[in-house]
Amino acid sequence: MEQTTTGRFDLLGLDGMPADELGTLLDEAEGFVAAAEQGESSDLLAGRLVAILFFEGSTRTRCSFTVAAARLGATTLDLTGAGSSLSKGESLLDTALNVEAMGVDAMVVRSGRSGTPHLIARSVGCPVINAGDGRHEHPTQALLDILTLRRRWGRLAGRTVVIVGDIANSRVARSNLHGLTTLGADVLLVGPPTLVPPSFTQITAGPGTVTVSHDLDEALPRADAVMMLRIQLERHGDGGAGSNTPDYRRLYGLTVDRAAGLRAEVPVMHPGPINRGVEIDSEVADDPARSLIMQQVTNGVAVRMAVLSRAIRGLV
Ligand code: CP
């Protein structure tokens with residue numbers, strides 16, 4: 001959450017978000033999880049209008065923001081790149097300014113281009129929430145990942161989260177690096193050298209550390225949780241390492257055999273979408289004793305309720 005010069009709160013990334021602010025947002029999300037479990041509804045955002053502007057494909061994030069807004073009593077205005085006047089040459093910024101002129105209370109923005117939500121936030125008068133921008137950040141995904149781990153462990157300090165896959169192209173990895181290490185977790189990044197640049201060890205301000213390994217079998221015994229990422233082929237101009245699926249799975253896939261070697265209490269996570277049989281075997285992704293994947297999705301609604309409430313209502 002970033003405070004602008006006008007006192008407005010935008011959520012553009014987790015980079016630089018202090019631990020106490022992360023903790024407060026997670027506490028608010030926990031409150032919404034508990035309310036949902038009790039079947040309680042909320043009218044906190046009744047009469048408010050949330051614009052959901054998605055200029056790149058999405059299933060989880062887009063639906064989750066829509067559900068979150070509905071559970072708070074808000075109405076949503078949905079716009080995707082396909083079918084909008086972007087196809088006639090209108091710019092993203094003009095699109096956002098026109099949507100703002102209709103009287104929205106907040107904008108949720110996803111774009112394949114890093115920095116788009118930041119550009120829009122500088123030009124509009126309402127709060128802007130980054131729903132994933134290019135390779136840069138996906139803050140609500142990381143918040144829901146962290147909430148899921150916090151609900152399991154209580155606190156993150158001293159835990160090691162192993163993140164495996166296409167780190168270089170992953171906004172999920174970047175946001176998680178910021179959030180997890182700020183809360184004291186250590187992150188071990190694993191993948192092929194071309195997809196896990198050594199510079200990522202410098203990404204954190206601490207107190208958690210970031211280390212890199214290119215050997216999944218060496219890394220897994222150190223894991224308190226394993227987060228698998230897909231190869232982001234849409235960001236590989238030349239096909240990249242993910243084009244050789246059997247070799248990738250052999251070296252970096254969470255196969256049934258590898259998962260069998262994990263300690264029983266080590267959970268497996270994935271932000272989705274999953275490429276089954278590539279970065280993770282179906283038996284592992286669907287294992288109710290180990291997989292937190294559907295809990296991540298459920299917790300995502302609560303996180304987005306907390307973020308929308310804070311952006312539109314402030315601290316309540
Ligand atoms: N995890 C995630 O961002 O999924 P979607 O692309 O489906 O929103």
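Which element gives the most to the lining of the second largest pocket? Helix α11 does, with seven residues. Helices (H or I, at least four residues) and strands (E, at least two) are DSSP runs, numbered from the N terminus.

The structure is a predicted model, in which local features need pLDDT of at least 70 and side-chain atom pairs count only at pLDDT 80 or more, while totals for chains, interfaces and linings use all residues. Residues are numbered from 1 along each chain as its sequence is written, and side-chain values use heavy atoms, with hydrogens and water left out.

The second largest pocket has a volume of about 270 Å³, a volume being the space filled by probe spheres (1.4 Å probe) set on the grid points, which are joined across faces, edges and corners. Its lining counts 21 residues, and R60, H270, I293, M294 and V297 are the closest to the centre. Two or more lining residues come from each of α2, α5 (139-153) and α11 (293-313). By residue class, the lining of the second largest pocket holds eight nonpolar, eight polar and five charged residues. Here Ala, Val, Leu, Ile, Met, Phe, Trp, Tyr, Cys and Pro count as nonpolar, Asp, Glu, Lys and Arg as charged, and the others, Gly among them, as polar.

Turning to the largest pocket, its volume is about 340 Å³. Its lining is made up of 21 residues, with R110, R171, R230, G272 and P273 nearest the centre. The elements that supply two or more of these lining residues are α2 (60-71) and α6 (171-182). Four residues of the lining of the largest pocket are nonpolar, ten are polar and seven are charged.

The strands come next. Five of them form an open sheet with parallel pairing, in the order β9-β8-β7-β10-β11; two strands pair if DSSP finds at least two bridges between them. Strands β9 (210-213) and β11 (268-269) stand at the edges with a single partner strand each, so one side of each has no neighbour in the sheet. In general, strands of a sheet pair through backbone hydrogen bonds, either parallel or antiparallel. Within this sheet, β7 (residues 160-164) and β8 (residues 186-190) run parallel and are joined by five bridges. On β8, L189 is the bridge partner of I163, and L188 is that of V162. Four of the five residues of β8 are buried, where buried means under 20% relative accessible area (1.4 Å probe, protein chains only).

Helix α6 lies across β7, β8, β9 and β10 (225-228), at about 150° to β8. Such angles run from 0 to 180 degrees between N-to-C directions, with axes fitted to C-alpha atoms, for helices over the stretch in contact. The loop between β7 and α6 holds S170, a buried residue with a relative accessible area of 1%. Beyond its neighbours within four places in sequence, S170 is in contact (heavy atoms within 4.5 Å) with R135, L229 and Q232.

A further open sheet has four strands in the order β4-β3-β5-β6, with parallel pairing. Its edge strands are β4 (75-80) and β6, each pairing on one side only, and the twist averages 15° from one strand to the next. Six bridges join β3 (residues 49-54) to β4, and the two run parallel; L53 stands opposite L79 in β4. Strand β3 also contains V50, which counts as buried at 1% relative accessibility. Not counting residues up to four places away in sequence, V50 touches A69, A74, T75, T76, L77, A106, V108, L308 and I312.

Helix α3 lies across β3, β4 and β5, at about 160° to β5, and α4 lies across β5 and β6, at about 160° to β6. In α4 (residues 116-123), the buried residues are T116, P117, H118, I120 and A121. These pack against β2 (9-10), α3 (92-101), β5 (106-111) and β6 (128-133).

How values were computed:
On a 1 Å grid over the protein atoms alone, a cavity is a set of points where a 1.4 Å probe fits but cannot get out, and a pocket is an open set with protein on both sides within 12 Å along at least five of seven lines; lining residues have an atom within 4 Å of a point. Buried means under 20% relative accessible area, exposed over 50%, partly exposed in between (1.4 Å probe, protein chains only).
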